[in-house]
Amino acid sequence: NFLSLLNNTDFADFNLALFDQKIPAHRCILAVRSEYFAGMLRSNMKETQQGILDIQLVQKNEKRPFASLKAFQAFLQFLYCDCLPEDLSVCDAVEV
């Protein structure tokens, strides 16, 4: 059950940082499920070297985030297990 790995630090080898929180993640799952993450993790980017990616959910020239923490967590859940949280609101689902 890959969902049990989400937010579990036991075997996490990467962190996603957003809204002053660090979310533990697994490089192999991110890379297999997302071409974006696969390309980034194959590169020599400083984020890959340091093991942490700062997720910017605020667009330039904007003050409010274009996606919520809850929407990003739903995106991660989808990456890990091909399902969205049952309690995801329509507004958050649109952000995902």
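Which side chain does Arg 33 meet in a salt bridge? Keep that one in mind, everyone, and we'll come back to it.

Some housekeeping. This is a predicted model, where local features need pLDDT of at least 70 and side-chain atom pairs count only at pLDDT 80 or more, while totals for chains, interfaces and linings use all residues. Residues are numbered from 1 along each chain as its sequence is written, and side-chain values use heavy atoms, with hydrogens and water left out.

Let's start with the layout. The protein has five helices and three strands, and from the N terminus on they run β-β-α-α-α-β-α-α. Helices here are DSSP runs of H or I with at least four residues, strands are runs of E with at least two, and both are numbered from the N terminus.

Now the sheet. Its three strands form an open sheet in the order E2-E1-E3, with mixed pairing. E2 and E3 stand at the edges with a single partner strand each, so one side of each is left without a neighbour in the sheet. From one strand to the next, the twist averages 25 degrees. Two strands count as paired if DSSP finds at least two bridges between them. E1 and E2 run antiparallel and are joined by five bridges; Leu 18 has Gln 21 in E2 as its bridge partner. These two strands make a hairpin with two residues between them, and Phe 19 in that turn has a positive phi of about 50 degrees.

What lies across E1 and E2? That would be helix H4, running at about 5 degrees to E2. Such angles run from 0 to 180 degrees between N-to-C directions, using axes fitted to C-alpha atoms, for helices over the stretch in contact.

That takes us inside. The largest nonpolar core has 18 residues, and Leu 16, Leu 30, Phe 37 and Leu 76 touch the most other members. By nonpolar core I mean buried Ala, Val, Leu, Ile, Met, Phe, Trp, Tyr and Cys residues joined through side-chain atoms within 4.5 Å. Buried is under 20% relative accessible area, exposed is over 50%, and partly exposed is in between, with a 1.4 Å probe and protein chains only. H4 gives the largest share of this core, five residues. Leu 76 touches Leu 6, Leu 16, Ile 23 and Leu 30, leaving aside residues up to four places away in sequence; a contact means heavy atoms within 4.5 Å.

Helix H2 has its own buried set: Phe 37, Ala 38, Met 40 and Leu 41. Those residues pack against E1, H1, helix H3 (46-50), strand E3 (52-54) and H4. Across the protein's 96 residues, 34% count as buried.

The partner of Arg 33 is Asp 82, at 2.5 Å from N to O, and the structure holds one salt bridge. The cut-off is a side-chain nitrogen of Lys or Arg within 4 Å of a carboxyl oxygen of Asp or Glu. Asp 82 sits in the loop between H4 and helix H5 (90-95), whereas Arg 33 is in helix H1, 49 residues apart. Asp 82 counts as exposed at 52% relative accessibility, while Arg 33 is partly exposed at 35%.

Thanks, and I'm happy to take questions!
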